[in-house]
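Work through these exercises with the structure open. Try each task before reading its solution.

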Amino acid sequence: MSDLIQRIQAALQSGEAAKRGAHFLVGHALHALPASLRRWLYRGTQHYCPLCSSDLSTFLKLHRDFFAFCPVCWSLQRHRLIWLFLQQQSLLSNHVPLRLLHIAPEPALAAKFRAIAHIRYISADLHDPRAMERMDINDIRHPAGAFDATLCSHVLEHVADDRRAMRELHRVLVSGGWALILAPAREGPTIEDPTIKDPNERERRFGQHDHVRIYGYTDLMQRLRNAGFNVEVYTSEQVASPRDVQRFGLSPSERLWLCWKE
């Protein structure tokens with residue numbers, strides 16, 4: 001079953017089919033407009049997108065209440081948080097050539113990375129034709145130590161053997177390299193059940209039709225450590241002030257796992 005069909009099926013049986021259908025149509029119509037026109041339509045001073053440098057009147061709440069799209073570059077909360085974090089930690093700004101592997105590339109972030117001259121950038125995805133390489137995260141077709149950094153945001157919750165994926169991310173890093181990991185997580189233990197295949201039940205249990213688990217904060221950290229990483233956890237409040245969390249349209253509950261290979 002294709003991803004689109006699964007999304008439609010989950011939306012129709014979600015109990016809010018009309019709302020999600022209307023949001024889909026609005027989003028599709030807006031996406032067809034030139035970015036310059038969208039920037040003009042949503043111009044304002046209350047919000048700012050750090051990825052496309054747009055001053056905005058609002059972020060768009062489409063598809064889900066917890067989604068907040070930039071109407072210009074279509075970045076979500078986590079995409080803007082990643083960019084702010086990378087700037088805060090100076091992970092991209094030393095002008096030394098950086099070999100970066102970006103798993104499941106988000107277009108707004110990919111555009112920023114491509115524009116940095118000293119980054120040797122490779123994006124990879126199993127299905128997305130926009131990625132530079134077709135690749136399974138459980139079988140990264142690059143040798144050990146091929147990259148200085150990897151970015152993997154909201155991917156591991158889709159992967160049946162996530163522990164193997166974590167080991168692959170560790171393997172392809174050079175000693176001293178870093179991986180930035182994001183995934184939906186919460187307090188309590190990880191909940192997963194590989195026998196659940198129905199997209200509606202997955203959405204009910206794990207939050208989305210193609211998720212296979214929802215992580216617990218502590219458990220995700222332990223799995224990353226078991227893969228060989230040293231791990232530090234950051235929250236939105238550590239990246240931006242309370243005022244900027246609201247201004248940049250960030251999620252206060254979002255966390256980032258910064259992982260280092262010794």
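**Exercise 1.** How many helices and strands are there in the protein?

Solution. Count 10 helices and 12 strands. Helices are DSSP runs of H or I with at least four residues, strands are runs of E with at least two, and both are numbered from the N terminus. Next, take the radius of gyration: 18 Å, close to the 18 Å that the globule rule gives for 262 residues, so the protein is as compact as a globular protein of that length. The radius is taken over C-alpha atoms, and the rule is 2.2 Å times the number of residues to the power 0.38.

This is a predicted model: local features need pLDDT of at least 70, side-chain atom pairs pLDDT 80 or more, while totals for chains, interfaces and linings use all residues. Residues are numbered from 1 along each chain as its sequence is written, and side-chain values use heavy atoms, without hydrogens and water.

**Exercise 2.** Find which residues of helix α7 are buried.

Solution. Go to residues 199-206. Pro199, Asn200, Arg202, Glu203 and Phe206 are buried (under 20% relative accessible area, with exposed over 50% and partly exposed in between; 1.4 Å probe, protein chains only). Now look down the axis of α7: these residues fall within an arc of 165 degrees, so they line one face of the helix. The arc uses directions from the helix axis to the C-beta atoms. Then check what follows: just after α7, glycine 207 has a positive phi of about 100 degrees.
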